[in-house]
Amino acid sequence: MSISSDEVNFLVYRYLQESGNHISQSNINGALVPPAALISIIQKGLQYVEAEVSINEDGTLFDGRPIESLSLIDAVMPDVVQTRQQAYRDKLAQQQQQQQQQQQQAAGSGTGPQGSTKNGEPAANGEENGSHALANHHSEMMEVDRDVEIPQSKAMVLRGHESEVFICAWNPVNDLLASGSGDSTARIWNLIENSTGGSTQLVLRHCIREGGQDVPSNKDVTSLDWNSEGTLLATGSYDGFARIWTKDGNLASTLGQHKGPIFALKWNKKGNFILSAGVDKTTIIWDAHTGENEVNAIKWDPTGSLLASCSDDMTLKIWSMKQDLCVHDLQAHSKEIYTIKWSPTGPGTNNPSANLMLASASFDSTVRLWDVERGVCIHTLTRHQEPVYSVAFSPDGRHLASGSFDKCVHIWNTQTGALVHSYRGTGGIFEVCWNATGDKVGASASDGSVSQYRALKNSHKKRSL
């Protein structure tokens with residue numbers, strides 16, 4: 001047997017990937033390696049060491065002992081086989097010595113081994129503390145109480161999946177059982193009692209589009225959940241897509257927004273929204289009817305009395321803690337609103353004399369500044385050429401920084417809407433932020449770079465980190 005370092009490294013990386021870490025590049029085709037491969041091979045190695053300790057070369061149990069269970073740390077200790085076997089020999093010799101002493105004491109009192117007692121009951125064959133008594137006790141512990149054992153006639157094993165089955169969930173209305181597996185399928189098992197006593201299954205194959213065709217994703221189905229009415233089943237997959245299926249097994253919609261595997265997924269009580277969580281450290285709320293990512297950002301104002309939300313429906317809503325309905329439903333952007341930011345101004349802030357504002361960044365390449373009290377757009381900032389992913393107010397609220405996938409960071413005057421400074425980086429801008437004194441702007445980019453910019457007037461120094 002030969003094992004290359006590349007194979008070992010890949011199995012380790014595979015385990016890290018399954019536990020939520022990122023995997024580096026490898027020449028091994030991951031689709032051919034089954035899930036939990038590393039754990040499986042470790043278990044087999046552990047079982048082999050246990051067999052070495054407990055079984056002789058001719059296949060018989062070592063000194064009649066049952067197979068000993070070892071921990072993984074025990075199994076990797078030096079000379080574990082010889083050490084464990086010698087320890088058992090010493091223990092057995094001690095037990096035999098105790099037996100002989102008890103027999104001698106019994107002979108001196110005029111009773112034989114058969115007459116020894118324990119709690120007033122005769123001992124079996126005089127082997128109260130012998131190895132056979134230990135073995136018998138072990139076997140008794142393994143027996144199932146017949147009063148609680150479920151008979152085979154009342155159990156049903158559902159076979160059909162071709163790999164590990166990670167999750168299952170009952171339909172809340174009917175006897176339909178959904179299951180998700182590493183074979184890139186979910187299945188709906190019809191267990192409604194009928195005359196045949198059998199079951200039928202619907203196979204929900206998780207496919208992706210490649211070259212204009214649907215091909216199996218070869219990724220694990222990691223999560224599933226029924227809606228409260230039992231009419232729809234949502235599934236989450238390692239391929240990063242959430243899917244909605246009818247109880248008849250038909251694909252209703254595919255929800256693609258995560259940048260990594262989905263590991264949790266849940267319907268709300270009304271059944272109109274789905275919440276999904278992924279390895280990309282994001283949670284997404286989906287509209288189950290349209291398949292759209294409903295809410296992209298939720299932000300409190302500086303005083304905690306107002307709440308703003310933005311959505312893929314191109315609307316910006318402002319809510320007050322004093323009433324149930326939204327205060328303003330603002331509609332002006334022509335594409336999805338990605339994020340929003342409150343200004344550090346208004347009553348209760350360090351800048352109480354300035355009006356409270358809200359900035360919104362959209363995939364329509366614009367940034368809008370809103371007067372919150374009146375609910376109107378006061379400035380539309382239009383110099384970006386690509387979707388805007390981030391906005392940030394300076395500590396005094398007088399300036400706004402915006403970052404776009406056009407690689408540009410713009411700094412605007414919030415009172416006039418004029419462009420004050422502009423910097424072009426080396427990658428699409430994902431995030432912008434100000435330092436505490438308001439004279440520097442930091443930016444992170446898609447090419448892996450982090451930059452800082454001097455934002456003071458007449459200062460145009462840039463530094464990449």
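The largest pocket has a volume of about 750 Å³. The model is predicted: local features need pLDDT of at least 70 and side-chain atom pairs count only at pLDDT 80 or more, while totals for chains, interfaces and linings use all residues. Residues are numbered from 1 along each chain as its sequence is written, and side-chain values use heavy atoms, with hydrogens and water left out.

**Largest pocket**

- A pocket is found on a 1 Å grid over the protein atoms alone, as an open set of points where a 1.4 Å probe fits, with protein on both sides within 12 Å along at least five of seven lines; lining residues have an atom within 4 Å of a point.
- Grid points are joined across faces, edges and corners, and the volume is the space filled by probe spheres set on the points.
- The lining comprises 26 residues, and those nearest the centre of the pocket are Gln257, Lys259, Thr282, Asn296 and Tyr338.
- Two or more lining residues come from each of strands E15 (283-287), E16 (293-300), E20 (337-342), E24 (388-393) and E28 (429-434); strands are DSSP runs of E with at least two residues, numbered from the N terminus.
- Strand E16 contributes the most to this lining, with 6 residues.
- By class, the lining holds 11 nonpolar, 7 polar and 8 charged residues. Here Ala, Val, Leu, Ile, Met, Phe, Trp, Tyr, Cys and Pro count as nonpolar, Asp, Glu, Lys and Arg as charged, and the others, Gly among them, as polar.

**Aromatic pairs**

- The structure holds 8 aromatic pairs, defined as rings of Phe, Tyr and Trp (its six-membered ring) with centres within 6.5 Å; planes under 30 degrees apart count as stacked, over 60 as edge-to-face and the rest as tilted.
- Phe363 and Tyr389 form a tilted pair, because their ring centres are 5.4 Å apart and their planes stand at 55 degrees.
- Phe363 lies in the loop between strand E21 (357-362) and strand E22 (367-371), whereas Tyr389 belongs to strand E24, so the pair ties together parts that are 26 residues apart in sequence.
- Phe363 is partly exposed at 23% relative accessibility, whereas Tyr389 is buried at 19%; buried means under 20% relative accessible area, exposed over 50% and partly exposed in between (1.4 Å probe, protein chains only).
- Tyr423 and Tyr453 form a stacked pair, with 4.7 Å centre to centre and 25 degrees between the planes.
- Tyr423 is in strand E27 (residues 419-424) and Tyr453 in strand E30 (residues 450-454), so this pair ties together parts that are 30 residues apart in sequence.
- Tyr423 is buried at 7% relative accessible area, and Tyr453 is buried at 1%.
- Tyr338, Phe363, Tyr389, Phe405 and Phe430 are linked by ring pairs into a cluster.

**Cysteines**

- The structure holds 0 disulfides, a disulfide being a pair of cysteine sulfur atoms within 2.5 Å.
- Cys310 is buried, with a relative accessible area of 1%, and Cys408 is buried at 11%.

**Strand pairing and a loop glycine**

- Strand E3 (residues 165-170) and strand E4 (residues 176-181) pair in the antiparallel sense over 5 bridges; pairing requires at least two DSSP bridges between two strands.
- A hairpin through 5 residues joins E3 to E4, and Ile167 stands opposite Gly180 in E4.
- Gly304 is located in the loop between E16 and strand E17 (306-311) and is partly exposed at 36% relative accessibility.
- The C-alpha atoms of Gly304 and Met321 are separated by 8.7 Å, with the two residues 17 residues apart along the chain.

Conventions. Helix = DSSP H or I, 4+ residues; strand = E, 2+ residues; numbered from the N terminus.
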